[in-house]
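Colleague: I'm new to this one and would like a close look at a single part. Could you pick a stretch and walk me through how it sits among its neighbours?

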Amino acid sequence: MLAFDRARIATSVRRAQAEAGDDDSGFADEVAAIVSLALARGAVPGLARREGRPPMGEPELAQEVALETIGELVERALIELGRAPVARAFIVSRARRNAAREALRVDAPSRAAGARLPDVRGAAGTEPWNPARIVAALVEEAGVPRDRAHEIAERVEARVAGAGLRRLSTGLVRELVSNELFALGLDRALRAHEALGVPRYDLRRLFTDSRVRRPGAPNSAHLDGSGGAATFEERVAGEVLRRHALEDVLGEVSAERHRVGDHHLVDLERPHRALWRSLPAELLLRREPSLTSPFEVALDAATLAAECGQGLVLEEIAKVLAPAMRTVRGDAVLRDALLALATGAEGARRHLDLARPTGRSAAGSRGGAFVAKLVLALDGLTVEGYPAPRLFLTLEELEAAGADALRHDGELARAVERLLAAGQLIPVWHGADSAWTAPGCVRRAGDRASLALGAAVALNLPRLARRAGPWREETLLGFVADAARIAIEGLAELEVHQREARRLQGEPLRERVSYGIVPVGLDEALRILGDGGVRPAQGARVLGLLADAATRFSEARGLSVRITPLAADAAAARFAELDASAARSEQPRLFSDMPRPEEERNVRYSMGYDVPSMALDARGHEGAHDGGPLHADARGDDERAAQFGTSLADLLATVPSGALHPFLPRRRGSFGRLTAWRAFEARRRAFATGPEGVRPVTLF
């Protein structure tokens, strides 16, 4: 007899659905309800009729239902509902479990007379040696035929008997079984039976790792590309999931490219979670907007952010704050709401940011006034040392505040400069018919759904440039296209895994999912290609071909993939470390006196569209500066900033929409970031309009 549990029935059906590729999320609960109803009415062979009595409830069923009865009812329901593939998968799984239970009842394999066998220590305590457990595990977990499972159990028992040990752990028994599977050449069974875990040495290393968040430390400490510092428990779980992804989720080619550092699948420690989400804030409202709505939204947003790999972006926050902003305490409520978002992000250890604050690119005078108040409130929190959300903003949204508010010596302009320098204000630009909202997320006109960046892969551009060599641009472009094709294979494999995870665990939101390719080391790659100099037009061709290849190869897989400047510190550091230790040939320099990228002691490569070496020579907008990174000084800050912004626009001429992150974060002093931003937009708007709203660039 079996304690009746409707949830266990639904779970078994979901597993069968996953094996059969059935993505009907509510079907398993429907089958469980049908089985429960049939049992309650008593119209089941082997169960006493209940004529003249009311139907049984689940507590009564718990005492009267046989396991075989439940299985037969589930099979019948699946077949009658027209789900034959799911029924087949359920029947196979059920047969395997039945065989495993039968194996536990068989006699133990023969053993040498007088052999003393050890006890086995497991999570449930210490028990006498029982080889039938090995047989049952092999039959159920690895699908090994019962006779072969007996043979393996006998071989393991012989080894254990000869060792003279008094006690074994279940982990060691599993390793001994895996050894026999390997010796017999049962590769498929070995893969299914092999344990995924963390060796003791690695466990101690993770415990003492300086990047682990210590008890009592602020949650926002050590923020990195993964969204925040992980606890020891999260690091251990992440290491197990990373190994699971490399062994079981990714194909052989994708996994090997990740291992050797040709590309890096971002945040592989959480392969089942989306990296970023973006949604209008009003979707989180529980009722009509009120004075308390901002704080309710902040709480729900923090919950959703915790279910992402890196973070969540709220759009159109002005609609949630509208009632409060019409009161005399509007500015105070705005500040408190931003602190609530920051507190939620700190608790979730994820980013919780803002984009499209008014919901329109051209905000108008009223929207411009709100943007100005939002920027000043964020600046006030940053200056006071409080955590604050980041704000993704277009120049058009900022300029709606008015020319007077943004005059060079005005309060708003100074706040913008400080936020740009701190990385709290991130310039973005939109396409002709789409708006950039979050890393990898682009919203079309009229689209109100939640958006998600499901997964992203970082490409090691400096390695591709070294393979091509200086001045061999066409060769590099060919390498980039091939790398994009292989990277998208890995994204497609993760997409299948995430789709199954959503089906089994449920979806927090209905969302439109896209995927990303992250350029890492663009600055170093262009310097290698240009023999020390960086030419924006070459960078535009590299990014343009990468975007074109991403679209072309992803369409064949039914995915939406675009390049995105995602924070990927782990990938940038790992690529630099791997490449620094690799042997490579050198070519004599022809022109530049700048250090080679490979001669530098890189802690990490540049990320996204950050090209610190890029500047202009005296000839205009097509040359390269050979005197090292651009530095600001009192003699020409505005001119240098404008030149940089113009050059940056040339570099990104083939990118329809995106974010300038990081945007000159390493420049210090009075370098005019707002001036550079304006020059970037002026140059971008001056481009001849192409199909995507950007200037066409010839690739070859």
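Modeller: Let's start just past the end of helix 8, where G185 takes a positive phi of about 75 degrees. Keep in mind that this is a predicted model. Now step back into the helix itself, which covers residues 170–183. At the start of the helix, a side-chain oxygen of S169 comes to within 3.1 Å of the backbone nitrogen of L172.

Next, which residues of helix 8 are tucked away? V173, V177, S178, E180 and L181 are buried. Looking down the axis of helix 8, you'd find the buried residues within an arc of 160 degrees, so they line one face. An α-helix has 3.6 residues a turn, so residues three or four places apart point the same way. On the other side of helix 8, F182 and A183 are exposed.

What covers that buried set? The cover includes helix 6 (131–142), helix 7 (146–163) and helix 9 (187–193), along with strand 1 (119–122) and strand 3 (167–169).

Those two strands belong to an open sheet of three strands, ordered 2-1-3 with mixed pairing. Strand 2 (125–127) and strand 3 are at the edges with a single partner strand each, so one side of each has no neighbour in the sheet. On average, neighbouring strands here are turned by 30 degrees against each other, ignoring direction. Strands 1 and 3 run parallel, joined by three bridges, and V120 has L168 of strand 3 as its bridge partner.

Terms used:
Residues are numbered from 1 along each chain as its sequence is written. This is a predicted model: local features need pLDDT of at least 70, side-chain atom pairs count only at pLDDT 80 or more; totals for chains, interfaces and linings use all residues. Side-chain values use heavy atoms; hydrogens and water are left out. Helices (H or I, at least four residues) and strands (E, at least two) are DSSP runs, numbered from the N terminus. The expected span of a helix is 1.5 Å times one less than its number of residues. Buried means under 20% relative accessible area, exposed over 50%, partly exposed in between (1.4 Å probe, protein chains only). The arc is that of the directions from the helix axis to the C-beta atoms. Contact means heavy atoms within 4.5 Å. A polar contact is a pair of N or O atoms within 3.5 Å; within protein, one must be able to donate a hydrogen and the other to accept it, and residues adjacent in sequence count only if both atoms are side-chain atoms. Two strands pair if DSSP finds at least two bridges between them. Axes are lines fitted to C-alpha atoms, for helices over the stretch in contact, and angles run from 0 to 180 degrees between N-to-C directions.
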